Amino acid sequence: MTSTTAAGQRGFRHELLLHHSTQELVESVVPMVREGVAAQEPTLLLVRPDTAEAVLHQLGPSPYLAVQPALAQPGRPALHVRAAPQMLASYARVIHQEPVIPSSQWPEWRRLEAVLNLALSHHDTWALCAYDRRTLTDEMVADLHATHPLIAQDGGHQRSDRYQHPVDFLKQHRNCPADPVERTAPAVELVDPSPAMARATVAGFARHHRLPAGEIDNLVFAAHEAVANALMHGRPPTLLRLWGQPERVTVTVTDTGPGPSDPLVGLLPPDPLNGPGPGPCLGLWLSHQLVDVAHRHHRDGYTIRLAATHPVDRTDY
């Protein structure tokens, strides 16, 4: 597929670019940007300063080209999903130089890449996700090929023969591995706590570990929702566990039920046509906006892990 053909398609075009250096990235990006500017298509570069300087050195400024800094940290996937439609509404082409994703955050990040194909399907935007291949494992590369319908390669744009429908991909990747802290004894463990007891316990524990007030409120809300869902939709017993680390508090809620069946849980807002009232999915979706969330289905039931930290620079596009 040529660059022109890719640009001529309508709908959301989600493309992967793997590069090994800034020079290689610039050589791949410049033709796409030049073509967009020539066609008077609003184009956004979300890139690091050295990349922006190199691209602008070749192309110069244009009223059809905007440059913003790339994400410094991965951030929370649900926030990206919520923010992306508003951003894409203003641009026909977006090039994003992706941050380095720690392996601990990769399970939720690959869910993000899959869900974007659904959340942005009605947008007429060509989005190029540029990853530094040197920071990725072979498993990560396989996940990216499975979540991007287009692949930028050798100056062209090809359809990925490894792409999977997002729902199919997410069904295969529903579970995040246990955090290493979960292999240690929890500081607190409660059996069948009420939501009120969960709120009070998490709040006191988080204050003891000196989390900022806003993060405490977020974690308390998410823990309340997790316990309420376990009591209403899961099977007893319900276990609430807490761990404290420097600048981080981790909470897990486990019950012996099957857990949420929706592979998209937490990343997309619930469909109001699916039933009246807020329901458990709304609380989970809100929790994903507020804290770091991971899901795990296992032979003993289902565990949701919640974590709050001292804030870092988490600009979410």
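Strands are DSSP runs of E with at least two residues; helices are runs of H or I with at least four, and both are numbered from the N terminus. Two strands pair if DSSP finds at least two bridges between them.

Now look at β1 and β6. Strand β1 (residues 13–19) pairs with strand β6 (residues 150–153) in the parallel sense, over two bridges. Glu15 stands opposite Leu150 in β6.

Next come the aromatic rings. The whole structure holds one aromatic pair. The ring centres of Trp106 and Tyr131 are 6.5 Å apart and the planes meet at 70°, so the pair is edge-to-face. Rings of Phe, Tyr and Trp (its six-membered ring) pair with centres within 6.5 Å; planes under 30 degrees apart are stacked, over 60 edge-to-face, and the rest tilted. Trp106 belongs to helix α5 (residues 106–119) and Tyr131 to strand β5 (residues 126–132), so the pair ties together parts 25 residues apart in sequence. Trp106 counts as buried, at 4% relative accessibility. Tyr131 is buried too, with a relative accessible area of 1%. Buried means under 20% relative accessible area, exposed over 50%, and partly exposed in between (1.4 Å probe, protein chains only).

Residues are numbered from 1 along each chain as its sequence is written, and side-chain values use heavy atoms, leaving out hydrogens and water. Because the model is predicted, local features need pLDDT of at least 70 and side-chain atom pairs count only at pLDDT 80 or more, while totals for chains, interfaces and linings use all residues.
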